[in-house]
Amino acid sequence: MNELVFFINNVVIAGSVTGSIYAIGAIGVTLIFSIMRFAHFAHADIMTFGAFMVLLLTTAFPAVGASIGVPTALIMLPLAMLLTAALAVGIDKAFYKPLRAHGVKPIVMVIGSLGVTLMLQGLIRLFSGTGGQSLYVDDRKEIFRLALPFEGVRAPIVITEPQIYLFVITLVAVVALHLFLNRSRLGKAMRAMSDNPELAQASGINTNTIVAVTWVIAGALAAIAGTLLSLDVTFKPDLSFFLLLPIFAAAIVGGVGHPYGAIAGGFVVGFAETLAVFNWNVLLRPFRDSLPTWLELPSNLAFVGTEYKIVVPFFILVAILVWRPTGLFKGKVI
Amino acid sequence: MTPLIEVQHVNKAFGGLHVINDCSIRVEKGSITGMIGPNGAGKSTLFNLIAGALTPDSGRILLDGEDITSLSADQRFHKGLLRTFQIAHEFSQMSALENLMMVPPNQAGEHLFNTWFKPALVRSQEAEVRRRALEVIEFVGLHHVRNELAGNLSGGQKKLLELGRTMMTDAKVVLLDEIAAGVNRTLLGDLMGNIERLNREMGYTFLVIEHDMDMISRLCDPVIVLAQGSVMVEGSIEEIQNNPAVIEAYFGTDAA
């Protein structure tokens, strides 16, 4: 039983955490792709920007949360989402819109977004410093230990407060996005534009509005992902940047341009990562006695070492592209 | 009477290529005006300029006396200027019926506020739009494929759907870009019948680019002949067909 608890802590919870972050990030990437048809590499740094805004606001008003009993950072999140959405729209106006107006190829937009990445990273580092900072400025990170009521189970299931918030907020965000895309006319207009931009315009859909709405959604989601990630660990100016490639892998695995695919892709990649670095020795140890004597269990039985975790998403990516080139869901259109 | 569409001295060049040269045309209210011309005469460019997909280098475009030169395509749509595409466009992942339901402008559901706070209003309007879409789909004869994904329709059915799209809103004028291209003869008959009915019964004005001379001669009066980016002749179909300059433009000097 202790082994099962170990599995839940290290795979089920850890995988869901990573998967949720990847999923929220990948939704933004995939929406931007389906509307503007380019891979937005600056997305991870927009996530960092969101987390940084939370850090600034929390440092400025550290005591707000204590009065209600939630972490201050969480109260600041909606404000940071607004600021990040505004930043995303601003970046589009300043950098991507002029490029679009010239009708450049998507690859030029991609390189442009790389430039925005470097610029954002530099700016954030300039103000935040290079070290890590906790988003829990005045409050304490709660850690819940759920002891299981079974005989002989000593280890509790461990889940932290930010992880619970992460699961709840991810769920809310996904449901809200689903309702938006399928129920509201603005959402339908987005689907229409991703399907056929020319016809959308000839049907009276203002494509500039749709582009702006896309950036607002992507920016707000990025702020959520960046903040919840930084809450779970600590804020670092390059923390989200290292997730850029897995997030893209998730978007492609799910079928790029497909938001539900991005969610599925996020969890596939997240769980694959945690399963790959999980030490299977722990689960096999109880059966040690029934194994043949010549078979000795090595103390570390993970598929890859933690240092090679970053390889896993790409292994999945290649496998999916070979087996199903359009991704898990058929992509391109929301 | 002010013409419904008036193009005044419009120029458009792509790099060094002058596609439209000081072109002026008028489309009278209630007419089905045809536009023909040899390949490369600038028909589609002129069309895109009128619809707002391109902006002219100089000159003005008026809709019912109002200058619309600087308006975007979606703004022109809201003024009642609609278009179809030479290669049929459709939202391939939506059903034929949903394609039509995308069109009506200013639905309450377009505003986020209403979708969350006034669901009843949005629902009643959706029902109204659906009723109209069903009427239109009946009119253009696509009732049997209404729930089919638009991407799976045949080329001719997509063209009918394009025509249906223009009927979902109170259009002043509809630009038809080679609507007969790739449509089989039976469907073409339906298509022309529908265009005539819309024109006669519902007062639609059409500007039609067409290669199919049967269709031009049955539907259009007057007909504008475009060559090298400006108007060569304008008149009834008989006048055009007997005009030596037109014959020369189409068949070269030897044939004339």
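Definitions at work in a predicted model

The C-alpha centres of domain 1 and domain 2 of chain B lie 29 Å apart. Domain 1 of chain B covers 5-89 + 170-255, and domain 2 covers 91-152; such bounds come from an automatic or database domain assignment.

This is a predicted model, where local features need pLDDT of at least 70 and side-chain atom pairs count only at pLDDT 80 or more, while totals for chains, interfaces and linings use all residues. Residues are numbered from 1 along each chain as its sequence is written, with chains lettered from A and ligands numbered from 1 in the order in which they are written.

Me: What makes A:Asn10 partly exposed?
Reply: A residue is buried with 20 or more other C-beta atoms within 10 Å of its own, exposed with 12 or fewer, and partly exposed in between; C-beta atoms are placed from the backbone. A:Asn10 has 17 C-beta neighbours inside 10 Å, so A:Asn10 counts as partly exposed.

Me: Which residues does A:Asn10 contact, leaving aside neighbours within four places in sequence?
Reply: A:Thr274 and A:Phe278. Contact needs C-beta atoms, placed from the backbone, within 7 Å. A:Asn10 sits in helix H1 (residues 2-36) of chain A. Helices are DSSP runs (H or I, at least four residues), numbered from the N terminus.

Me: Why are H6(A) and H9(A) called roughly antiparallel?
Reply: Helix H6 (residues 161-183) of chain A packs on H9(A) at about 165 degrees, with the axes 9 Å apart. Axes are lines fitted to C-alpha atoms over the stretch in contact, and angles run from 0 to 180 degrees between N-to-C directions. Under 35 degrees is roughly parallel, over 145 roughly antiparallel, 65 to 115 roughly perpendicular, and the rest oblique. H6(A) and H9(A) are therefore roughly antiparallel.

Me: What classes of residue make the contact of H6(A) with H9(A)?
Reply: Nine nonpolar, one polar and one charged. Ala, Val, Leu, Ile, Met, Phe, Trp, Tyr, Cys and Pro count as nonpolar, Asp, Glu, Lys and Arg as charged, and the others, Gly among them, as polar.

Me: Why is H2(A) called roughly perpendicular to H9(A)?
Reply: The axes of helix H2 (residues 43-60) and helix H9 (residues 207-232) of chain A come within 7 Å and cross at roughly 65 degrees. That makes H2(A) roughly perpendicular to H9(A).

Me: How many residues of chain A are in contact with chain B?
Reply: 18 residues of chain A are in contact with 20 of chain B. H7(A) gives the most to that side of chain A, with five residues.

Notes:
Helices (H or I, at least four residues) and strands (E, at least two) are DSSP runs, numbered from the N terminus. Two residues are in contact if their C-beta atoms, placed from the backbone, lie within 7 Å.
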